[in-house]
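Thanks for coming, everyone. Let me put the structure up, and then we'll walk through it together.

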Amino acid sequence: MKRLRLAGVLFALTLSLGCARHQKLIGVEYVAQFGGQGSEPGQLNEPIGIALDGNDHLYVADAGNNRIQKFTTGGKFLLSWGMEGSGEGELDRPIHLAVGADSSVYVPEYGNDRVQVFDANGKFQFMWGKTGRAAGEFDAPGTVSFNANGHALVTDFYNHRIQVFDRQGNFISQFGVEGHDNGQLYYPTDIAVDEQGHLLVADAYNHRIQKFDAQGNFLKAWGRQGTLTGEFDVANSIALDHAGRIYVVDFGNHRVQVFDAEGNFLLQFGSQGNANGQFERPTDIAINPQDMLYIADWGNNRIQKFRIVE
């Protein structure tokens, strides 16, 4: 594994939204990185998903190696599990994983059309799902998140919908259909839940974020395809910090954009490249309670770590 490379690169951006409460300086500071291309422990091959637990551990969906790797939040390799296949504990393109309240690791598989659940040490617990379009079936599940009731929310990529399950994988409900109008979805890839229980969906190939109430009723949307601030080239992943700010991983624009809770643009950071703080098609973001940011830098086969400076 590559050693952590530390630096003090600071992306300082002044907010200028014309509203006095937004006139302040916010910076995002590069801290470190780990990974590097390969298949040895601690190396990565197309890392797509990342998730944090409550014990300073970071889990990485090392998709190209068909395994999950567990690190400290400082980047020290701890363990890994998985290999290519379709049996219990085997994986086919794990994507945006999640950690439950009991530290169980929920892993959606793009290739096997299912969700597998493991304990914190990688021991298989159970799984659900199969290929199809019926309730409880998947066509490339993309992410797992949890709502205020502890239910698992799964983005069903090619079925253009969100499905809701209890923690044991029993189907509860679904919302979304293929399309481009408000409330419709076109290849959704991620979902986050705010403090009010609203659902924020990364509607990836509609190049926008959509906001729904807890029952899946449409509330608002923002974004369109483009390269300007507030525009996206595949809105791939979404996360919130302690202040309710919304971070969107903008895959094709090689950046992360930050918005307030109403979808007003605040700042952006990142550009295309392989230097500290640059990205090559980033795919996921995780934020801890101390507002440390961890970003899966897919094309550079690494995880980058940042901090918010206010």
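Let's start with one side chain: is F232 buried or exposed? F232 is buried, because its relative accessible area is 0%, and buried means under 20%. Keep in mind that this is a predicted model.

Now, who sits around F232? Start with its ring partner. F232 and F259 form an aromatic pair, and the pair is tilted. The ring centres are 5.8 Å apart, with 55° between the planes. This pair links distant parts of the chain. F232 is in the loop between β18 (218-222) and β19, while F259 is in strand β21. The two are 27 residues apart. F259 counts as buried too, because its relative accessibility is 1%.

F232 also has a histidine contact. H207 touches F232, along with G223, R224, Q225, D233 and V234, leaving aside residues up to four places away in sequence. H207 is found in a loop as well, between β16 (199-203) and β17 (208-212). Its relative accessibility is 8%, so H207 counts as buried.

On to the other aromatics. The whole structure holds 29 aromatic pairs. Take Y59 and W81: this pair is edge-to-face, 6.3 Å centre to centre, with 65° between the planes. Y59 lies in strand β4 (residues 57-62) and W81 in strand β6 (residues 77-81), so the pair ties together parts that are 22 residues apart in sequence. Both Y59 and W81 are buried. There is also a cluster to look at. Y106, F126, W128, F138, F146, F165 and F171 form one aromatic cluster.

Next, the nonpolar cores. Which residues touch the most other members of the largest core? The core has 17 residues, and the answer is Y247, V256, F269, I285, L293, I295 and F306. The elements giving two or more residues are β2 (25-35), β20 (246-250), β21 (255-259), β22 (265-269), β23 (282-287), β24 (292-297) and β25 (302-309). The largest share is three residues, and it comes from β22.

Zoom in on V256 for a moment. Not counting residues up to four places away in sequence, V256 touches Y247, V248, V249, L267, Q268, F269, F279, I285 and I295. There is a second, separate core as well, with 14 residues. Among them are A32, F34, I50 and M292.

Last topic: pockets. What is the volume of the largest pocket? It is about 1000 Å³. The lining has 34 residues. Nearest the centre of this pocket lie L52, V99, A239, L240 and I287. β3 (47-52), β7 (98-99), β11 (141-146), β15 (188-193), β19 (235-240) and β23 each supply at least two lining residues. By class, the lining of the largest pocket divides into 19 nonpolar, nine polar and six charged residues.

The second largest pocket has a volume of about 350 Å³. It is lined by 14 residues. I48, I95, Y110, T189 and N236 lie nearest its centre. By class, that lining has eight nonpolar, five polar and one charged.

To wrap up, go back to where we began.

Terms used: Residues are numbered from 1 along each chain as its sequence is written. This is a predicted model: local features need pLDDT of at least 70, side-chain atom pairs count only at pLDDT 80 or more; totals for chains, interfaces and linings use all residues. Side-chain values use heavy atoms; hydrogens and water are left out. A nonpolar core is a set of buried Ala, Val, Leu, Ile, Met, Phe, Trp, Tyr and Cys residues joined through side-chain atoms within 4.5 Å. Buried means under 20% relative accessible area, exposed over 50%, partly exposed in between (1.4 Å probe, protein chains only). Helices (H or I, at least four residues) and strands (E, at least two) are DSSP runs, numbered from the N terminus. Contact means heavy atoms within 4.5 Å. On a 1 Å grid over the protein atoms alone, a cavity is a set of points where a 1.4 Å probe fits but cannot get out, and a pocket is an open set with protein on both sides within 12 Å along at least five of seven lines; lining residues have an atom within 4 Å of a point. Grid points are joined across faces, edges and corners, and a volume is the space filled by probe spheres set on the points. Ala, Val, Leu, Ile, Met, Phe, Trp, Tyr, Cys and Pro count as nonpolar, Asp, Glu, Lys and Arg as charged, and the others, Gly among them, as polar. Rings of Phe, Tyr and Trp (its six-membered ring) pair if their centres lie within 6.5 Å; planes under 30 degrees apart count as stacked, over 60 as edge-to-face and the rest as tilted.
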